[in-house]
Amino acid sequence: PVFATVKGRASQIRSMPFTGDSSDDSSDGEAEHTNNVMNHSGTRATNSSSDNTDTSLSSPSKSHKTTSSLSPAKRSSSDSPSKNTSFESGMSDDYAIPPDALSCESLEWSLVMRTTDSPRHQRSSESLEKSGHLAKLGGKLKTWRRRWFQLSNAKLRYWKSQNDMGRKPQGEISIDDQCRITRAEGAVTFEITTGKKTYYLTADSIAATEDWVRVLQNVQRRNATKLLLSKEQNKPTLQGWLTKVRNGHAKKCWCVLIGKMFLYFKSPSDSNPMGQINMRDARVEQVDHVSDSDSEDRDAENAQLTIGIFPTHQGPTYLLMPNKQDKDSWLYHLTVVSGAGPNAGTQYEQLVQKLMESDGDPNCVLWRHPILLHSKDAIVTPLTTLSSESLQAEAIKLFKCCQLFISVAVESAGIDYHVVLAQNALQQCLDQWELQAELLCALVKQTSRHIHQKVGVQVFSKLRHRSLFACDAAAGSPTVGAPPPPPLLDYCKANPPTFAFVQGWQLLALAVSLFVPRNNKLLWYLKLHLQRNADSKTECGKYAAYCERALERTIQNGGREVKPSRMEVLSILLKNPYHHSLPHSIPVHLLNGTYQVVGFDGSTTIEEFLSTLNQEIGCRESGSSGFTLFSDDPIEKDLEHYIEPSAKLCDVISKWETALREKGSGKFENSRVIQLVYKSRLYWRHSAKMETERERLLMCYQVNLQVVNGRFPLTKELALELAALMAQIDFGEFHTDKGRGSGSNLKDLHVLQALDKFYPYRYRDGLTSDALKELETGLQEKWMSLKGRSTLDCVRIYLTCTRKWPFFGASLFQAKWKQAEPQMVWLAIAEDAVT
């Protein structure tokens, strides 16, 4: 028990000891001695995860009321809710009522004051300043002295009385992040522990005590947040508007994740958070259902977009996400910083969990655990948790497949061995999604080197971290730690040749372009593995750096549908993709006979590919110009396929290759590759005035194709004039000067080529040699008449003429009437009608 001197006599003021020595050994204002502060298990520090309104502290024992005999004067003064608690009978104003010396009536009165004073209570919940009388334990005789306290600018200052505030304060306490404010449940006394001493302060009632503690915590929380937000290295990991649900109440908040602290504010401009959760003590899960509304459809949708945060010492908080992309991002980052959660899973997954708890400390001995490092032997159990025995058996085969890919050196002559191995393994993972994380973990393991350690350091590390190697036995899972190898073993001998690691990275580079693990902890481990190995000097380091880029792109654009094409696999195996931001490239053919080579990666969509192409050739974006991408058909010669903008180019190429292989009964034609053509799909009249020069030129060639193929109505004379314009655009001016040697023959050849390329077939078929000669002469004359005309002039004239046709720019398709007499017709698909 604790006693204090009251009117010259010792009175018991507390049945339990304080958590430290008194704040002062001397009177106020005199030199103060620093005391060592002892932490007592009975009082817990204020949980930083609590909201502003959560100030109650759990404690094994509540403070007890003293049973010592008190004078009536003291009892009567304690019954009064007034702040004037000076003693009668000549008692000095320098003394106050000892804490816990309250009667039952005064406790009841204070509870009534708490419930009826809610507006003030609400205001104080956000207040950052306060002043009033508190009793402070101090002096050599450990007496309670009544002092006037004022809290402002995160400083708690005190004077002997309110009238002395003009003088220098007797003391000052900084309320900063090093400060700890504690209070036993139901006690009138609270403690402020700084780095050097502990202050014991007592208010006039429980309500007043809670008010002081609440305001002090507000100040401490705001300062901690300011410090957190002010540090440059503490940039928010993630922030945005989310709907927070707690205790059944939903509120839209500006949520910020900084380090391991989850904060939520009223608005982005606020510096004082409404609340915060320390994620070290929290478990994060995707929640299936939180709504009680009658709308089942909306519930089903929200159920997939709700994240639950379950702190150890307080109730759960639910976050409702606006869309799936935000949900995936928040779930990943919150899971990574969360510390709590079940210690279940395979040995490999438990080691990853322990690495997460150490924040991926590079010096942690777990990095040298044999389960995480390259293995020349086959595995006997899967690395990840799988739902069925058949999948577990497939996982072991998959690991063997990785070993086969890695152990045989890549050679140009027999490279198809590696191409087929990679394609089969990756297609299996796309067919059975649970194997995706298994393959990625297997490749992370097989690209992790054994590092030689000095014997002394190794033994010391084992002794120091031995407990880290054992998993939670209570979880019912086997112990992770295998018996440590003999200390004299040279770990470097456990590593394969360098080419094996390079090929492991190559397969990983292909895999991360197709999918990412759905388990966020394994995704965190994969990212950390890439980060630890990435560099710009070694071959493996360059592949690791490329894998980092590829992984982020896959997270951004989503996974793939089919296995990589032979072209994609060869591109990764035969050159290091680190040297190119876009490791693959393919030519796109334009209708004027030229082509443009465009780069792309494993996650590039047709929309992104078109955006790059449009910039390089000087065209507007496809939504405005109507130009888009078509592919040839692997089987039928004159068939073209429009490619959806959302499709991934690598998937398009892979599907084309598969169709070609199936056509050849499994025999692969290495010589043929997909041909991409850039042409107008739909002409927009309203945006014709904004056309670029390149678009006009390509439109001329596209209309010319319709003219030549008989899909454009025109007379023979007009056809000859248009052919002359196209000859001037394509070949340049027709020179009449006779050159030396075969100059005349060359001119005749140009005229014949122009007739073949630009004059309708139907007007040439069946012509006699004389008629054909006459046609050549006519084209030559019209071509010569265009002398001095620039390409731009000819393009303008050509389009001005052809645009007079109502169906200019429309796509024409042959069709048949479904009537008694089948009749061939043309369907014209234009922007406003099908005709």
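Let me start with helix 23, residues 769-784. Helix 23 has 16 residues and reaches 22 Å from its first C-alpha to its last, close to the 22 Å expected at 1.5 Å a residue. Keep in mind that this is a predicted model.

Which residues of helix 23 are buried? They are Leu775, Glu776, Gly778, Leu779 and Trp783. Looking down the axis of helix 23, you find the buried residues within an arc of 165°, so they line one face of the helix. As background, an α-helix has 3.6 residues a turn, so residues three or four places apart point the same way. On the face of helix 23 turned away from the buried side, the exposed residues are Asp770, Lys773, Glu774 and Glu781.

Next, a pair of helices. Two packed helices are described by the angle between their axes and the distance between the axes. Here the pair is helix 6, residues 324-337, and helix 13, residues 520-533; their axes come within 9 Å and cross at roughly 80°. An angle of 65 to 115 degrees counts as roughly perpendicular, so helix 6 is roughly perpendicular to helix 13. Helix 6 makes the contact with Leu331, Tyr332, Thr335 and Val336, and helix 13 with Asn520, Lys521, Leu523, Trp524 and Lys527. Sorted by class, this contact has 5 nonpolar, 2 polar and 2 charged residues.

Ser565 sits between helix 14, 539-557, and helix 15, 566-574. Is Ser565 buried or exposed? Its relative accessible area is 1%, and buried means under 20%, so Ser565 is buried. Leaving aside residues up to four places away in sequence, Ser565 touches Gln423, Ile653, Ser654 and Glu657.

Definitions and conventions: Residues are numbered from 1 along each chain as its sequence is written. This is a predicted model: local features need pLDDT of at least 70, side-chain atom pairs count only at pLDDT 80 or more; totals for chains, interfaces and linings use all residues. Side-chain values use heavy atoms; hydrogens and water are left out. Helices (H or I, at least four residues) and strands (E, at least two) are DSSP runs, numbered from the N terminus. The expected span of a helix is 1.5 Å times one less than its number of residues. Buried means under 20% relative accessible area, exposed over 50%, partly exposed in between (1.4 Å probe, protein chains only). The arc is that of the directions from the helix axis to the C-beta atoms. Axes are lines fitted to C-alpha atoms, for helices over the stretch in contact, and angles run from 0 to 180 degrees between N-to-C directions. Angles under 35 degrees count as roughly parallel, over 145 as roughly antiparallel, 65 to 115 as roughly perpendicular and the rest as oblique. Contact means heavy atoms within 4.5 Å. Ala, Val, Leu, Ile, Met, Phe, Trp, Tyr, Cys and Pro count as nonpolar, Asp, Glu, Lys and Arg as charged, and the others, Gly among them, as polar.
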